[in-house]
Amino acid sequence: MNNYLDIKVAKRAGFCFGVKRAVEMAFNCANERSIVYSLGPIIHNPQVVEKLMSHGVYPIDEIDINKLKEGDTIIIRTHGISLKIFKELEKKKLNIIDATCPFVKKAQEYASLLREKGYQVMIVGDKDHPEVKGLMSYAGENAVLVKSEKIKVKLTKKVGIVVQTTQTKDLLKQIVNKTLDNAKELVIYNTICDSTYLRLKETVSLANRVDKMFVVGGKNSANTTQLTKLCISKKIPTYHIETSKEINKNWLKNIKSVGITAGASTPDWIIDEVKNCIKDIGGKV
Ligand code: SF4
């Protein structure tokens, strides 16, 4: 094994502000009550979800809300939920712990505000993403969902834009440009979260300085998958792993440096395990 294997860990690897807050809220909640439910897994990381379950936090689907009883505790995850579901929870008199990220909450408020002021609300985002489903419910009936500058829906002259927090500024610029062809009045709320943008930027910079990249996080995490694709697009050999157990010693042969980054839903302890495993094989931090 190469004795001079350098390990560089991205500064922004792991939990973002919103996820850290939600996970802490879930653990605090579990300490106070025996059973707590979350509407969907709190985050897209199987190891954290498992740990939360061992503390009594169980993910349920929307369809199971009916089975809950008055006073049961339910946690809303960082992506937020639709107005309809929120009202359902209230109607059932559940104890609601709202862990919606404050940045997502802000985007929901802007969507409502634009709707109230008579704008046609344009949500920029992925149609199947829970955050977007929530935003659409605040945006009113004539809201439109757009994912690229190829806008196929009919726009009015007065349009207000709100963006899914994980979208890119480049996409927003393209869409704004296109919308100007039609709109006479355009209001833009740039609700993109810098945490995602900075993490991507830092990952590119790190990937350019090392021989191989390890991207740590749930295989079901969109954010982690996005980081992996980005590294691969830079032609850097990249491994997307969930835990240190997946590391194969042979991956580290004949190289001088590795970079480690992680999605917003990856806890520090998993990143540390990966770092220590590579150290044990022959790396130095
Ligand atoms: S990525 Fe940004 S918006 Fe999303 S949960 Fe984290 S801090 Fe909140």
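Guide: In this predicted model, the largest cavity is lined by Ile-76, Gly-80, Ile-81, Phe-86, Asp-98, Thr-100, Lys-105, Gln-108 and Tyr-138. A cavity is a set of points on a 1 Å grid over the protein atoms alone where a 1.4 Å probe fits but cannot get out, and lining residues have an atom within 4 Å of a point. Residues are numbered from 1 along each chain as its sequence is written, and side-chain values use heavy atoms, without hydrogens and water. Local features need pLDDT of at least 70 and side-chain atom pairs count only at pLDDT 80 or more, while totals for chains, interfaces and linings use all residues.

Four residues of this lining are nonpolar, three are polar and two are charged; Asp, Glu, Lys and Arg count as charged, Ala, Val, Leu, Ile, Met, Phe, Trp, Tyr, Cys and Pro as nonpolar, and the others, Gly among them, as polar. Domain 2 (17-101) and domain 3 (103-192) each contribute at least three residues to the lining of the largest cavity, with bounds from an automatic or database domain assignment. The space in the largest cavity amounts to about 30 Å³, taken as that filled by probe spheres set on the points, which are joined across faces, edges and corners. Throughout the whole structure, the search finds one cavity of 30 Å³ or more.

The ligand, for its part, sits in the largest pocket. A pocket is an open set of points with protein on both sides within 12 Å along at least five of seven lines, and a molecule sits there if more than half of its atoms lie within 2 Å of the grid points. Around the ligand are Cys-16, Gly-18, Cys-101, Phe-103, Thr-165, Cys-193 and Thr-196, each with a heavy atom within 4 Å. This shell has four nonpolar and three polar residues, but no charged ones.
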